[in-house]
Amino acid sequence: MPTRTLHAQSRVALFFTAAAALALCIHQAATFKNIHPLPSPSLPSPTPSAPIITPTPTPPAPTPPPIPPTPAPVLPPPDIVIDPGHGGTDPGRLGKDGQHEKKWALAVGQALATQLRASGWKVSLTRDADTFISLLDRSTFANQRPRLLLVSIHFNSGESAASGLETYFSWPRQPELMAKLHAAAGLSAGAPLPPDDSAALAASIQQAACAATGSRNRGTHNRPNLSVTSRTLAPAVLVECGFLTHPDEADNIRSSSWRAKLVKGLASGITSWLAASGKSPSSSPPSPDNIPGP
Ligand SMILES: [Zn+2]
């Protein structure tokens with residue numbers, strides 16, 4: 001075979017060899033195309049979710065009714081306390097005519113209350129009949145609420161020559177006792193202690209009563225431990241209006257006209273002191289308010 005032919009045959013052979021290789025590649029490629037993809041990593045199956053429970057709607061709590069504010073105690077306007085001494089089983093001093101002090105103390109106390117009420121003042125009596133009231137109950141009554149003042153009515157006894165009119169008060173007030181009485185009376189919530197004006201009240205009453213009756217002026221006296229005056233929060237005095245044991249004064253005390261002068265003088269001394277203290281009857285409408293008798 002000539003060389004050229006041989007070379008031609010070789011090239012043909014090479015050609016077919018290459019073609020076969022190419023064909024193989026194509027086949028492999030086709031085979032690769034048919035390879036299944038690797039499975040994806042298996043993922044955990046989702047846990048079946050719990051059943052959704054729809055909460056039962058809770059009804060709204062009922063709104064409590066509003067608590068009404070506690071109303072502040074309404075206190076009546078301060079008044080005047082008249083304290084007729086003794087009473088009931090406590091007769092007081094014995095007069096030369098056999099009458100006891102308690103009778104005249106009540107008569108003068110009631111007349112004084114009437115006189116002051118007629119002038120527009122509100123007045124309370126610790127007793128309005130022949131009843132026994134202890135000394136402690138008298139001051140306790142006076143301390144139940146704010147008062148303008150307290151006047152205790154008494155009559156004296158002594159040697160037959162002893163005469164005249166005198167007025168007692170208690171000064172100074174004992175701060176601890178006053179604070180205790182103030183709290184017991186429910187007046188401690190910011191309420192100031194009443195002014196300690198008992199000495200001025202005593203002087204006003206003493207001067208006016210002596211002027212009205214012409215009685216001997218025995219003056220005013222400080223007795224810090226006198227029960228009613230020392231335990232009463234409001235300014236307080238005790239008036240000894242005359243001597244049941246003096247012949248002339250005993251006659252005077254039995255006389256309604258003399259007692260009327262005495263009452264006028266006592267009322268004048270009280271109202272003069274109230275006016276000087278800036279008080280007027282308009283702030284104290286008249287209304288009886290007495291301790292009920294036993
Ligand atoms: Zn007395």
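Which pattern does the protein follow when read along the sequence? The pattern is α-β-α-β-α-β-β-α-α-β-α-β-α-α, with eight helices and six strands. Here helices (H or I, at least four residues) and strands (E, at least two) are DSSP runs, numbered from the N terminus.

A word on the basis: this is a predicted model, where local features need pLDDT of at least 70, side-chain atom pairs count only at pLDDT 80 or more, and totals for chains, interfaces and linings use all residues. Residues are numbered from 1 along each chain as its sequence is written.

Let's look at one helix pair. The axes (lines fitted to C-alpha atoms over the stretch in contact, with angles from 0 to 180 degrees between N-to-C directions) of helix 2 and helix 8 come within 9 Å and cross at roughly 55°. The two helices are therefore oblique to each other; angles under 35 degrees count as roughly parallel, over 145 as roughly antiparallel, 65 to 115 as roughly perpendicular and the rest as oblique. The residues that make the contact are tabulated here; being in contact means C-beta atoms, placed from the backbone, within 7 Å.

| Helix | Residues | Contact residues |
|---|---|---|
| Helix 2 | 101-118 | Ala107, Val108, Ala111, Leu112, Gln115, Leu116 |
| Helix 8 | 256-276 | Arg259, Leu262, Val263, Lys264, Leu266, Ala267, Ile270 |

Leu266 also touches residues elsewhere: leaving aside neighbours within four places in sequence, Leu266 is in contact with Leu112, Val151, Ile205, Ala209 and Val239. Across the protein, residues 24 or more positions apart account for 82% of the contacts with a separation of 6 or more.

Definitions and conventions:
Two residues are in contact if their C-beta atoms, placed from the backbone, lie within 7 Å.
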